[in-house]
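Work through the exercises below with the model open. Try each task before reading its solution.

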Amino acid sequence: MAGAVRSIIRRAAKGSSWSQFLDYASPALFDVMPLRSLLAQGKEFVANGSDGDGFERARHGVATALAEREIDVVLEASSEGNGNALKELPESTRRETGHRILEIYFAQLFAGPDAILDLRGEAFRATPGEVLAWFPRAFYVRWQPEFLEGVRNLYGGFYLDDDARFEQGLRELGLQDSGDALVRHLGSGDQRRVRFDTAAFHTSFHETFMACVENGVSLHRNFLALGIYLVCLYDALESLDVELDVRGAFDRSVRAFTIR
């Protein structure tokens, strides 16, 4: 069934600027998300991919939010020019770069309705002076308000050790019966020294959504966008091959600025 659904979505995406990103979606999503939700999200991706003005508005909004949070990254229109790939950087620079990418990830969830999903390692370069340049493809989403509120409560509850808020986020996302699996996915301990592994991510992500299947949960369409966003994040952070302070990145990009 998952293969058939993925094939339908792939045909809809054929020739679009975002079709390659389907390879980043966890197979579990195609097992558990309703076909209608998958097609609705895919339709939005197609519309966004052909809307150059819409992407420029999203890019401007994201750049403004990152600047307000003093996240040291420059959004570029193309990858032309000098710069080193992430894996070519010295270890200390790779660690700092990883923290910045994590800050981008969290900031886009808490700053506004739009998020550029392309956080792949190849979308970043370190230019002379160790300036991090981000040149994402035109692949973005406008989160649905009810989904975004649930995600904010989920992450806010987890990283602020607020159990009530975490449980509220679970309920808002329809994941109240998948809490244990989700906690294992988010990680144990204080999240100060995390090494990212895409294979382990797919395993924990699959476990989380299989719990949804067992409990008859119908997942929101934005889970497809969030799943791709997460795997793109893991693609970049795994290539850095260093331990990262995830909780610190959350604090700097979210708690230190505003919590809502």
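**Exercise 1: the sheet**

Threonine 127 stands opposite valine 131 in β4. This is a predicted model: local features need pLDDT of at least 70, side-chain atom pairs count only at pLDDT 80 or more, and totals for chains, interfaces and linings use all residues. Residues are numbered from 1 along each chain as its sequence is written, and side-chain values use heavy atoms, without hydrogens and water.

Task: work out in which order the three strands form the open sheet.

Solution. 
- Step 1. Take β3 and β4. Four bridges join them, and they run antiparallel. (Strands are DSSP E runs of at least two residues, helices H or I runs of at least four, numbered from the N terminus; two strands pair if DSSP finds at least two bridges between them.)
- Step 2. Take β1 and β4 (residues 131-134). Three bridges join these strands, which run parallel. Valine 73 stands opposite leucine 132 in β4.
- Step 3. The order is β1-β4-β3, with mixed pairing. β1 (73-75) and β3 (124-127) are at the edges with a single partner strand each, so one side of each has no neighbour in the sheet. The twist averages 30° from one strand to the next.

**Exercise 2: the helices on the sheet**

Task: find which strands helix α4 touches, and which helix α5 touches.

Solution. 
- Step 1. Helix α4 (residues 52-68) packs on the sheet and touches β1 and β4. Contact means heavy atoms within 4.5 Å. The direction of α4 makes about 165° with that of β1. (Axes are lines fitted to C-alpha atoms, for helices over the stretch in contact; angles run from 0 to 180 degrees between N-to-C directions.)
- Step 2. Helix α5 (residues 91-110) touches β1, β3 and β4. The direction of α5 makes about 45° with that of β4.

**Exercise 3: confidence**

Task: find which element has the lowest mean pLDDT and which the highest.

Solution. 
- Step 1. pLDDT is the predictor's confidence in each residue, from 0 to 100. The chain mean is 83, and 82% of residues reach 70 or more.
- Step 2. Helix α1 (residues 2-13) is lowest, at 54. Strand β2 (residues 114-116) is highest, at 95.
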